[in-house]
Amino acid sequence: MSRLDALGAYVPTDWDAGGGGVVGAVATLLRALGYGNVFCSPPPARVCCEPIVLAQGSFEREARLADGTERGQIPVNVLVCCEGARDAEATCRAVESDLRRDSWTAAGDGWRCRVAAADSGGSAPRGRDGSGRWLWGFTLTLTVVIDYGGQG
């Protein structure tokens, strides 16, 4: 028994494995909105020279609900990489707008996590990468409800 087991912590293995989970739901939604260059890790330039890269942060629980589910927030960092500075900015702002206003009702189907709300703090320049491409990004904060199947 580890120290976390003694505290009642349960680490899920089915909702965030292999690029799935919350970041997978964000990628699926962006692809459905027409963004074909979405990746859950930085791709080689030969695969995509102007990617949108997503990186999932850690789940922070806010409450354990009466039905055994847990509500909390998960940050997803979104980074847009483009050859032109204006293209990077325009694409980043469009992605942020689309993620904030689109419906999350079906997000998470098939895994035991439901996206209840999405918010972001605004996009900003992130400099340039090693090859000179422009980077713009923002953090998308998702409020999620996770059903651990009575394991918590």
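Predicted model: local features only at pLDDT ≥ 70, side-chain atom pairs only at ≥ 80, totals over all residues.
Local features were taken at pLDDT of at least 70 and side-chain atom pairs only at pLDDT 80 or more, while totals for chains, interfaces and linings use all residues. Residues are numbered from 1 along each chain as its sequence is written, and side-chain values use heavy atoms, without hydrogens or water.

Helices (H or I, at least four residues) and strands (E, at least two) are DSSP runs, numbered from the N terminus. Helix α2 covers residues 21–32, twelve in number. Its first and last C-alpha atoms lie 16 Å apart, close to the expected 16 Å. That expectation is 1.5 Å times one less than the number of residues.

Nine of the twelve residues of α2 are buried (under 20% relative accessible area, 1.4 Å probe, protein chains only). Among them are Gly 21, Val 22, Val 23, Leu 29 and Leu 30. The buried residues pack against β1 (38–39), β2 (52–56), β4 (70–82), α3 (85–101), β5 (113–120) and β7 (134–146). Contact requires heavy atoms within 4.5 Å. Just after α2, Gly 34 adopts a positive phi of about 105 degrees.

Strand β4 pairs with β2, β3 and β7; pairing requires at least two DSSP bridges between two strands. β2 and β4 run antiparallel, joined by five bridges. Here Ala 55 stands opposite Asn 77. β3 (residues 60–64) is also antiparallel to β4, over four bridges. These two strands form a hairpin with five residues between them. In its turn, Gly 68 has a positive phi of about 95 degrees.

β4 and β7 run antiparallel, with 13 bridges. Gly 72 of β4 is the bridge partner of Arg 61. In β7, the partner of Gly 72 is Val 144.

How values were computed:
Buried < 20%, exposed > 50% of the residue type's maximum accessible area, 1.4 Å probe, protein only.
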